[in-house]
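This report describes the fold, the surface and the charge pairs of one protein model. The sequence and structure come first.

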Amino acid sequence: MASAMIVLPVMDAIAKYMATFEAMSPGQVTFYRFFFQLVCTLPPLFAVFGWAALSAKRPWMNLLRGALHGAASLLFFVAVKYMPLADVFAIYFVEPFILTALSALFLGDKVGWRRWLAIVVGFGGAMIVIQPSFEIFGWKALLPVACAFLYALYLFMNRAVGEADSPLTMQTMAGIGGTIFMAGALWIGASAGVADFTPSLPASWLGLALLLILGTISGYAHMLIVRAFRLAPLSLLAPFQYFEIISATILGYALFGDFPNISKWIGILIIVGSGLFIIWRERVQSRSMKSA
């Protein structure tokens with residue numbers, strides 16, 4: 001889980017680089033992300049399982065996982081085109097709050113007043129980051145929130161699929177679902193004349209190489225996450241998500257000269273602190289239920 005969280009922001013830095021320096025639309029980058037993920041995961045899948053690997057036990061749910069992930073990635077890549085990486089990640093990390101709230105509202109999970117208060121405080125921290133970004137970037141500053149909501153639904157699907165299929169099969173099927181979704185989204189967006197959906201080929205060999213790296217990281221880092229969730233409980237793994245802010249800040253500063261100011265660091269610390277408190281309360285509650 002730690003390895004995946006440290007590496008994943010490289011993927012988002014590549015997406016920002018492609019949009020900034022290679023003039024490739026976020027929609028096209030997202031399509032290549034899932035297409036090359038599929039290209040990278042299919043050979044080992046066939047080598048291990050043969051053609052039977054594509055007969056997933058829950059194919060439609062896995063394809064829906066890919067579509068949700070595709071939509072979330074699209075919103076994230078559009079956001080990083082216009083905003084600093086660290087800002088996008090900080091706002092995106094309202095995802096644990098959304099997931100906790102959805103679990104309480106739709107799955108009947110018991111969430112006490114302390115965690116509801118932490119959710120409110122966490123969203124307050126996100127507003128500290130969003131407010132100056134909103135003044136500069138407008139409604140695009142809210143894209144990471146929408147991305148967080150879709151990714152929370154994607155995590156719900158991970159729970160629903162469970163252990164019916166292997167991580168390699170799940171990621172390959174998700175790659176198919178994401179590729180199909182993005183092909184449709186790219187066609188609709190381009191037909192409507194939206195600049196962020198302009199179709200294009202890589203303008204250089206470097207661009208092609210970066211897109212291949214993008215797909216490889218996407219496929220295998222998320223396979224590590226699926227594997228991690230089978231080896232350890234959510235409450236143990238969840239804090240590792242915040243490693244992404246560290247590597248995103250380093251990459252954003254090194255590649256694009258972006259670094260959060262003091263007010264944004266305050267917002268980031270509030271978000272992380274609230275998220276860690278929610279995770280800690282979940283572990284406390286889990287232990288009390290086991291001992292009861």
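## Fold

The protein has twelve helices and zero strands, with helices (H or I, at least four residues) and strands (E, at least two) taken as DSSP runs and numbered from the N terminus. Along the sequence the pattern reads α-α-α-α-α-α-α-α-α-α-α-α.

The model is predicted: local features need pLDDT of at least 70, side-chain atom pairs count only at pLDDT 80 or more, and totals for chains, interfaces and linings use all residues. Residues are numbered from 1 along each chain as its sequence is written, and side-chain values use heavy atoms, with hydrogens and water left out.

## Dimensions and packing

The C-alpha trace spans about 55 × 50 × 35 Å along its principal axes. The radius of gyration is 19 Å, which agrees with the value near 19 Å for a compact globule of 292 residues; the radius is taken over C-alpha atoms, and the globule rule is 2.2 Å times the number of residues to the power 0.38.

Of the 292 residues, 52% are buried. Buried means under 20% relative accessible area, exposed over 50%, and partly exposed in between (1.4 Å probe, protein chains only). Contacts (heavy atoms within 4.5 Å) between residues at least 6 apart in sequence join residues at least 24 apart in 87% of cases.

## Surface and charge

## Salt bridges

Two salt bridges are counted, each defined as a side-chain nitrogen of Lys or Arg within 4 Å of a carboxyl oxygen of Asp or Glu. One joins aspartate 196 and lysine 81, with an N to O distance of 2.8 Å. This pair links distant parts of the chain, 115 residues apart: aspartate 196 is in the loop between helix 8 (167-191) and helix 9 (205-231), and lysine 81 is in helix 3 (residues 59-82). Aspartate 196 is buried at a relative accessible area of 11%, whereas lysine 81 is partly exposed at 27%.

Aspartate 87 and lysine 264 form a salt bridge in which the closest N and O atoms are 2.4 Å apart. Here too distant parts of the chain are linked, with aspartate 87 in helix 4 (residues 85-92) and lysine 264 in helix 12 (residues 262-291), 177 residues apart. Both aspartate 87 and lysine 264 are buried.
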